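Please look over the sequence and the fold shown here before reading on. The paragraphs that follow go from one residue to its surroundings and then to the chain as a whole.

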Amino acid sequence: MPKNDTLRARVPSDWDITSEDWEYIPLRLPPDVTRVTASMRLAIQAEFGGWELSRVRLYTDGSRRVLLKRKKTTYHVPEPGI
């Protein structure tokens, strides 16, 4: 399965992840992660990985789906390990 198809299966259907200039990575934060902790984790990824917050969806069970984006580069930068 191509990478984009795998990525499409992991994000809500109304989130657009097709772009020539941006790469996307979806994250799921479990319900036990507080808002402050989530904010700090995402800030660390922004600072050291070049990721920006694109979308957040909060579910009734308290979990969050997060979509991060960054400009595509010609060199390899590791994906976030939150």
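In which strand is the place of Lys 69? Lys 69 belongs to strand 3, where helices (H or I, at least four residues) and strands (E, at least two) are DSSP runs numbered from the N terminus. The model is a predicted one, in which local features need pLDDT of at least 70 and side-chain atom pairs count only at pLDDT 80 or more, while totals for chains, interfaces and linings use all residues. Residues are numbered from 1 along each chain as its sequence is written, and side-chain values use heavy atoms, with hydrogens and water left out.

Leaving aside neighbours within four places in sequence, Lys 69 is in contact (heavy atoms within 4.5 Å) with Trp 22, Glu 23, Tyr 24, Gly 50, Trp 51, Glu 52 and Ser 54. Among these, Tyr 24 is 45 residues from Lys 69 in sequence, yet their C-alpha atoms are 4.5 Å apart in space. Lys 69 also lies over the face of Trp 22, at 4.3 Å from the ring centre; a charge sits over a ring if NZ of Lys or CZ of Arg is within 6 Å of the ring centre and within 35 degrees of the ring normal.

Strand 3, which covers residues 64-71, also holds Arg 64. Arg 64 is buried (under 20% relative accessible area, where exposed is over 50% and partly exposed is in between, with a 1.4 Å probe and protein chains only) yet has no salt bridge, a term for a side-chain nitrogen of Lys or Arg within 4 Å of a carboxyl oxygen of Asp or Glu. For Arg 64, the nearest side chain of opposite charge is Asp 32, 8.2 Å away, with Lys and Arg counted as positive, Asp and Glu as negative, and His and the chain ends not counted. The side chain of Arg 64 does, however, reach the backbone oxygen of Val 33 at 3.1 Å.

A search of the whole structure finds one salt bridge, and Arg 70 forms a salt bridge with Glu 23, their closest N and O atoms being 2.9 Å apart. This pair links distant parts of the chain, since Arg 70 is in strand 3 and Glu 23 in strand 1 (residues 22-29), 47 residues apart. Arg 70 is itself buried, with a relative accessible area of 5%.

Seen as a whole, the chain has two helices and three strands, and from the N terminus on its elements run α-β-α-β-β. Of its 82 residues, 32% count as buried.

Notes: A polar contact is a pair of N or O atoms within 3.5 Å; within protein, one must be able to donate a hydrogen and the other to accept it, and residues adjacent in sequence count only if both atoms are side-chain atoms.
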